[in-house]
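Subject: Structure for your review

Dear colleague,

I am passing on the structure below, together with an account of what came out of going through it. Please read the notes that follow with the coordinates open beside them.

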Amino acid sequence: MKLKRLGWKWIYWFTLALAVIVVYKTFDNLSGIFSWIGTIIAVLTPFVYGVVIAFIMYMPAKKLKDFLEKHAKLSAKGAGYISISVVYLVGLGLIALALNIFIPRLVQGIVDFINSVPKLLNTAVDFAQEHISDDVISWLDLEKKIQQINVNDVLKSVSLVGNSLANVIVEVSAWLIKFIMGIVISVYILLRHKSIFRVSKNIASLGMKPNTVNRIQKYGNEIGHIFYGFLYGQIVDGIIFASVALVAMMIIGTPYASTMALIMFFAQLIPYFGATVGIILVSLITLVSGGWVTALITLGMLIVLQQIDGNIINPKIVGDSVGLNPLLVIFAVTLGGGLFGFMGVLLGVPILASVRLILLDIYENLKAKKALEDVP
């Protein structure tokens with residue numbers, strides 16, 4: 001008996017030592033591990049694209065399928081094929097429209113803006129020298145900083161874009177092939193999503209209790225609704241705001257209107273303070289490039305639009321899809337942006353809302369379990 005206990009003791013210490021070695025080697029070779037993970041992700045990129053595209057297309061395809069089943073009296077299978085075909089044709093049509101009409105104008109606006117950077121820098125320098133007192137310039141050491149601005153360096157940086165055009169074409173071509181493969185994979189996922197979920201649930205049931213599997217399925221459905229509600233709402237709201245702002249800026253005569261509208265679109269994707277940052281940035285660029293009168297009119301127009309959007313449009317479209325108070329939203333945006341850049345800013349809020357959902361559900365279950373245990 002003592003020999004048996006001694007044997008289990010050695011096995012325990014050997015396993016612990018082996019685990020310590022594995023953890024040490026893991027942290028000692030993090031770069032290699034991340035490189036390996038990156039390689040796997042690169043190989044599976046078409047499948048990642050397929051899952052993302054299927055996730056985006058699922059809700060409109062489902063709504064159209066339900067409509068066809070109810071009003072056109074089609075079978076579930078026929079309505080499914082037609083709804084997926086229509087949604088993808090509309091999506092590809094919008095992409096083609098953007099590539100032929102909107103994208104060229106936007107690219108031209110961005111190119112014009114980049115080419116005007118030297119002029120904008122000189123205008124900013126002249127503005128600072130005319131309107132800022134010598135004491136402030138001396139205190140901030142602006143003269144030295146102004147002298148350090150080298151327009152040639154800016155032009156050199158812009159020229160590097162042209163020199164790397166061949167590499168860009170190769171990378172875009174490779175991405176386009178993966179994207180097309182992703183579209184094909186996403187169609188298959190949508191057509192077979194029920195069987196895919198059923199097989200996944202059966203596999204999960206092999207190592208989990210039925211209640212656990214059902215709870216994971218419940219979390220998946222609720223998290224999906226959170227992401228759909230937030231992302232679709234923010235994107236639609238951003239498109240509406242940017243489109244109205246584009247038309248208004250073209251009427252006002254705001255320089256680089258298409259580029260400024262694009263800035264406002266991405267700014268609108270950031271909850272609460274994104275629009276404010278976008279308005280300030282657009283107003284400053286307009287001040288330097290178009291004068292204070294145009295900048296003031298543009299600023300007033302954007303503030304009015306932002307108030308209309310914040311009080312009427314956004315609540316109707318987005319609503320309270322995530323269920324977070326403003327402080328948690330700002331925390332999610334700040335933390336997500338600091339860790340993962342713009343994608344972190346965009347996805348931080350629904351991710352935090354999903355974590356909150358799971359934690360609250362666990363808390364309620366533990367509370368209910370404890371209440372049952374306390375019953376005499």
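In what follows, two residues are said to be in contact, or to touch, when they have heavy atoms within 4.5 Å. Please keep in mind throughout that this is a predicted model.

To begin with the chain as a whole, the secondary structure of the protein chain comes to 15 helices and zero strands. The protein chain has 376 residues, of which 24% are buried, and its exposed surface comes to about 25500 Å², with carbon and sulfur atoms supplying 72% of that area.

α11 has 43 residues and reaches 62 Å from its first C-alpha to its last, close to the 63 Å expected at 1.5 Å a residue. Within α11 lies Ala245, which counts as buried because its relative accessibility, 0%, is under the 20% cut-off. Once its neighbours within four places in sequence are left aside, Ala245 is in contact with Met301, Leu302 and Leu305, and the C-alpha of Ala245 is 8.1 Å from that of Met264, a residue 19 places away in sequence.

Just after α11, Gly253 takes a positive phi of about 95 degrees. As background, most residues other than glycine have a negative phi. Tyr256 is partly exposed, with a relative accessible area of 22%.

α11 also matters to the description of the second largest pocket, to whose lining α11 gives the most, with ten residues. That pocket has a volume of about 1100 Å³, and two or more residues of its lining come from each of α3 (45-71), α9 (165-191), α10 (193-207) and α11. The second largest pocket is lined by 27 residues, of which Phe55, Phe197, Gln217, Gly220 and Asn221 lie nearest its centre.

Not counting residues up to four places away in sequence, Glu69 touches Leu74, Ser75, Ala76 and Ala79, while the C-alpha atoms of Glu69 and Gly80, which are eleven residues apart along the chain, are separated by 9.0 Å.

Two further helices deserve a note. Helix α13, residues 274-290, has 17 residues and reaches 23 Å from its first C-alpha to its last, close to the 24 Å expected at 1.5 Å a residue. The buried residues in α13 include Gly274, Gly278, Val282, Ile285 and Thr286, and α13 is followed by Gly291, whose phi is positive, near 95 degrees.

The other is helix α15, residues 326-374, in which Val355 lies. Val355 counts as partly exposed, because its relative accessibility of 39% falls between the 20% and 50% cut-offs. Val355 and Ile223 are 132 residues apart in sequence, yet their C-alpha atoms are 9.0 Å apart in space.

With kind regards

Definitions and conventions. Residues are numbered from 1 along each chain as its sequence is written. This is a predicted model: local features need pLDDT of at least 70, side-chain atom pairs count only at pLDDT 80 or more; totals for chains, interfaces and linings use all residues. Side-chain values use heavy atoms; hydrogens and water are left out. Helices (H or I, at least four residues) and strands (E, at least two) are DSSP runs, numbered from the N terminus. Buried means under 20% relative accessible area, exposed over 50%, partly exposed in between (1.4 Å probe, protein chains only). Accessible areas come from the Shrake-Rupley method with a 1.4 Å probe; for residues, only the protein chains shown count as cover. The expected span of a helix is 1.5 Å times one less than its number of residues. On a 1 Å grid over the protein atoms alone, a cavity is a set of points where a 1.4 Å probe fits but cannot get out, and a pocket is an open set with protein on both sides within 12 Å along at least five of seven lines; lining residues have an atom within 4 Å of a point. Grid points are joined across faces, edges and corners, and a volume is the space filled by probe spheres set on the points.
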